[in-house]
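Student: I have a model open and want to go through it with you. Can we start with a single residue and work up to the chains?

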Amino acid sequence: MTLLAAIRPDAWNLPLFLHILGAMVLVGTLALVAASLAGAWRGGSVGAIRLGFRGLLLAALPSWIVMRVAAEWLASEENLDDDPPGWVDAGYMISDTTLVLLIAATVCAGVAARRAARVEAGGRRAGRAGAGSAGLGRAVVVLVGIALAAYVVAIWAMATKPT
Amino acid sequence: VYDWLLFLHLIAAFLIAVTAVTYSASALGASTGGPAIRVADACWNVGGIGTLVLGIWLALYVDGYEIWDGWILGAIALWLVATGAGERVRTEFAEGRDASAVHWVRTLAVLGLLVLMVWKPGA
């Protein structure tokens with residue numbers, strides 16, 4: 001059993017590498033976004049909110065695509081795409097559901113970053129915009145936190161492959 | 001046992017990825033701030049020990065691997081490079097100096113580890 005686990009056809013290596021690399025950058029970016037926005041929870045720092053938005057848009061979403069496309073490629077190499085086992089279905093379900101969360105978090109972070117920039121520039125309704133951006137920042141932390149928890153379950157499913 | 005060892009080994013590797021991504025953002029000019037750096041450093045500590053201990057445990061547990069296999073020895077060497085570079089990055093960052101070059105060395109070592117873990121040359 002453990003010997004079998006060590007053997008893998010060479011054709012699976014590149015898609016597996018890209019799948020894990022995409023997943024690692026995705027999880028790393030989400031942790032960075034959550035940590036920086038949670039750190040700025042009270043202050044609503046413009047830099048942290050901007051980092052959250054850019055991280056989601058420029059790193060999390062592209063790495064999700066790399067992870068998901070490589071997963072499809074890997075499933076095709078392993079001939080799992082016609083009748084996927086439960087652990088592959090779980091992976092698809094988690095990745096597809098979390099994409100919705102990631103898009104929602106990106107939109108919230110984008111709006112929060114725009115409002116925070118308006119506050120920084122000292123606009124007319126700065127106070128109201130500041131409160132709004134802090135609330136959206138919290139929403140991003142919650143959405144990203146849910147996605148991270150789901151990815152831990154996905155990593156467990158990919159590692160243990162429960163039937 | 002194998003499944004749980006692999007799961008925890010992967011979680012430790014993902015913690016290292018948190019550190020690599022956070023410091024990469026900082027090296028690329030993002031204002032990552034104190035809390036994110038503290039989380040990244042904590043992830044590096046736990047992930048570093050976790051990958052090494054669980055990786056060696058896996059090498060001993062799986063019938064097809066031996067601890068003296070070239071790819072495992074290479075991984076341990078890369079782990080040492082990454083750890084040394086990581087320590088230097090942390091010190092230089094804390095002192096407010098530019099640690100970008102050393103950070104990229106660490107990131108390349110982490111990427112090399114991932115390549116070795118997937119391809120397992122010689123296994």
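Student: Where does A:Asp10 lie?
Tutor: This is a predicted model. In it, A:Asp10 lies in the loop that joins helix H1 (2-6) to helix H2 (13-39) of chain A.

Student: Is A:Asp10 buried or exposed?
Tutor: A:Asp10 counts as exposed, because its relative accessibility is 65% and the cut-off for exposed is over 50%.

Student: What separates the C-alpha atoms of A:Asp10 and A:Ala105?
Tutor: A distance of 37 Å separates those C-alpha atoms, and A:Asp10 and A:Ala105 are 95 residues apart along the chain.

Student: Switching to chain B. Which helix holds B:Thr22?
Tutor: B:Thr22 is in helix H1 of chain B.

Student: And why does B:Thr22 count as buried?
Tutor: B:Thr22 has a relative accessible area of 1%, and buried means under 20%, so B:Thr22 is buried.

Student: What is B:Thr22 in contact with, leaving aside neighbours within four places in sequence?
Tutor: From chain A, B:Thr22 contacts A:Leu32. From chain B, the contacts are B:Thr32, B:Ala36, B:Ile37 and B:Ala40.

Student: On to the interface, then. How many residues of chain B are in contact with chain A?
Tutor: The number is 31 residues of chain B, in contact with 29 residues of chain A.

Student: What area do the two chains bury between them?
Tutor: Chain B and chain A bury about 2,700 Å², and 80% of that is on carbon and sulfur atoms.

Student: Which elements of chain B give two or more residues to the side that touches chain A?
Tutor: They are helix H1 (2-27), helix H2 (33-61) and helix H4 (100-119) of chain B. H1(B) gives the largest share, 14 residues.

Student: How do the residues on that side of chain B divide by type?
Tutor: There are 24 nonpolar, four polar and three charged residues on the side of chain B that touches chain A.

Student: How many salt bridges does the rule find across the interface?
Tutor: Zero salt bridges are found between chain B and chain A.

Student: Last topic, cysteines. How many disulfides are there over all chains?
Tutor: By the rule used, the count of disulfides over all chains is zero.

Student: Are A:Cys108 and B:Cys43 buried or exposed?
Tutor: A:Cys108 counts as buried because its 18% relative accessibility is under 20%. B:Cys43 is buried too, with a relative accessible area of 13%.

Technical notes: Residues numbered from 1 in each chain as written. Chains lettered and ligands numbered in written order. Predicted model: local features only at pLDDT ≥ 70, side-chain atom pairs only at ≥ 80, totals over all residues. Heavy atoms only, no water. Contact = heavy atoms within 4.5 Å. Buried area = accessible area lost by both parts, 1.4 Å probe. Salt bridge = Lys/Arg side-chain N within 4 Å of Asp/Glu carboxyl O. Helix = DSSP H or I, 4+ residues; strand = E, 2+ residues; numbered from the N terminus. Nonpolar A, V, L, I, M, F, W, Y, C, P; charged D, E, K, R; others polar. Disulfide = S-S within 2.5 Å. Buried < 20%, exposed > 50% of the residue type's maximum accessible area, 1.4 Å probe, protein only.
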